Amino acid sequence: MTTMNATPLAVPDHRTLMSAMRLASRAPSVHNTQPWHWRFDGERLHLHSDPDRVLITADPQGRQQVISCGAMLHHVRTAFGAQGWHTDTTRLPDPLDLGKLAEISFRPWPDPPAGLVARAGAIDYRRTDRLPLDPPAQWEAVVRALRMLVSPHYVDLEVLPELVRDRLSAVSEQAAALRRHDQMYQAEIGWWAGHSGFPEGVPAEALVSDSEFARARVGRAFPPAPRSARRPGTEDHAQLIVLSTPADSAAEWLATGEALSAVLLECTVAGLATCSLTHITELPTARTILTGFLTQPGTPQIVVRIGTPPSDEPEHPPTPRRPLADTLTIDRH
């Protein structure tokens, strides 16, 4: 009897694997916690959430953690796609293991779309911009492109009109006020923000001063940066979008993160700056008010500011990232 050997699966070589994963590690995450862990078993990549990186006070359900992991998942797929590898992805593959969020297998992809390659090229240049922004250029065309990118994830993108944006600013301030005397929340955010020289968290140089924060209209109240007045002549005219989902489960949270990644990268390609606002959807009261702003039924997951940064400004330094050895395990056979 002749034994037929199975054809080996096509997989990226070690250099491609490390290059793509290193690039994808630039994915955004709540408070830059980078709450993911990957394992490569020689054929497939497995994405797990890191239970040690849940924000116990701000995110007790782990919703924002899963959204962050979804953004990382999309960054990984984009990075591999640009290097000629299609990623067949199974999301939430094991109902008994809720920490396992995705499993990826590979197929050669000799001709990836130009848009995907452009978004991969934007990964290293994307920054979170918490300062006031000018109106986004070519906004209607940008919105059309963003809606096309989020629709495969069954995520709805809605632009908030000016009147609602003013009301949302009040909701943001109310959310900050409710947190102001929450000692556990303040300790948690103080742990993750304002410390430079660490491979995680929001460094002091990425924060804004009180005067800059006041002109940005809507934002999370991080510990303030030292007194500064960057962009003194810029009043904030950023647009605000809401990403929402039909339901509110881990599957929708993961999809929101993937859609968010696509939005942020496409905006970067278009020369726009972005800032994800997660604090508005943390508290049930603020989330309920935000739901009332939507014209279509859905559960709001995240708000994003989008605008044009000054063209004559030096590039913001990148926020730190954990060493790849801390977030990627490669099985040895």
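**View 1. The cavity in the predicted model.** On a 1 Å grid over the protein atoms alone, a cavity is a set of points where a 1.4 Å probe fits but cannot get out, and its volume is the space filled by probe spheres set on the points, which are joined across faces, edges and corners. This is a predicted model, in which local features need pLDDT of at least 70 and side-chain atom pairs count only at pLDDT 80 or more, whereas totals for chains, interfaces and linings use all residues. Residues are numbered from 1 along each chain as its sequence is written, and side-chain values use heavy atoms, with hydrogens and water left out. The structure holds one cavity of 30 Å³ or more, and the largest cavity contains about 40 Å³ of space. Its lining, meaning residues with an atom within 4 Å of a point, consists of Arg 165, Ala 216, Arg 217, Val 218, Asp 236, Ala 238, Leu 240 and Arg 305.

View 2. Helices (H or I, at least four residues) and strands (E, at least two) are DSSP runs, numbered from the N terminus, and two strands pair if DSSP finds at least two bridges between them. Five strands, in the order β3-β4-β2-β1-β9, form an open sheet with mixed pairing. Strands β3 (85-91) and β9 (328-330) stand at the edges with a single partner strand each, so one side of each has no neighbour in the sheet. Ignoring direction, neighbouring strands of this sheet are turned by 20° against each other on average, where axes are lines fitted to C-alpha atoms, for helices over the stretch in contact, and angles run from 0 to 180 degrees between N-to-C directions. Strand β1 (residues 36-40) runs parallel to β9 and is joined to it by three bridges, and Phe 40 has Ile 330 as its bridge partner in β9. Helix α1 (residues 14-24) packs on the sheet, touching β1, β2 (45-49), β3 and β9, and its direction makes about 165° with that of β9. Helix α2 also packs on the sheet, where it touches β1, β2, β3 and β4 (100-108), and its direction makes about 155° with that of β3.

View 3. Buried means under 20% relative accessible area, exposed over 50% and partly exposed in between (1.4 Å probe, protein chains only). In helix α9 (residues 284-293), the buried residues are Ala 286, Arg 287, Leu 290 and Phe 293. These residues lie on the same side of α9 because they cover an arc of only 105° around the axis, the arc being that of the directions from the helix axis to the C-beta atoms. The face turned away from this buried side carries the exposed residues Pro 284, Thr 288 and Gly 292.

**View 4. Ser 244 in strand β6.** Ser 244 is found in strand β6 and is buried, with a relative accessible area of 2%. Contact means heavy atoms within 4.5 Å, and, not counting residues up to four places away in sequence, the residues that Ser 244 touches include Val 155, Asp 156 and Leu 294.

**View 5. Strand β7 and its partner β8.** Four of the five residues of strand β7 (residues 273-277) are buried, so this strand is largely enclosed by the rest of the structure. Five bridges join β7 to β8, and the two strands run antiparallel; Leu 277 has Val 303 as its bridge partner in β8.

Definitions and conventions: On a 1 Å grid over the protein atoms alone, a cavity is a set of points where a 1.4 Å probe fits but cannot get out, and a pocket is an open set with protein on both sides within 12 Å along at least five of seven lines; lining residues have an atom within 4 Å of a point.
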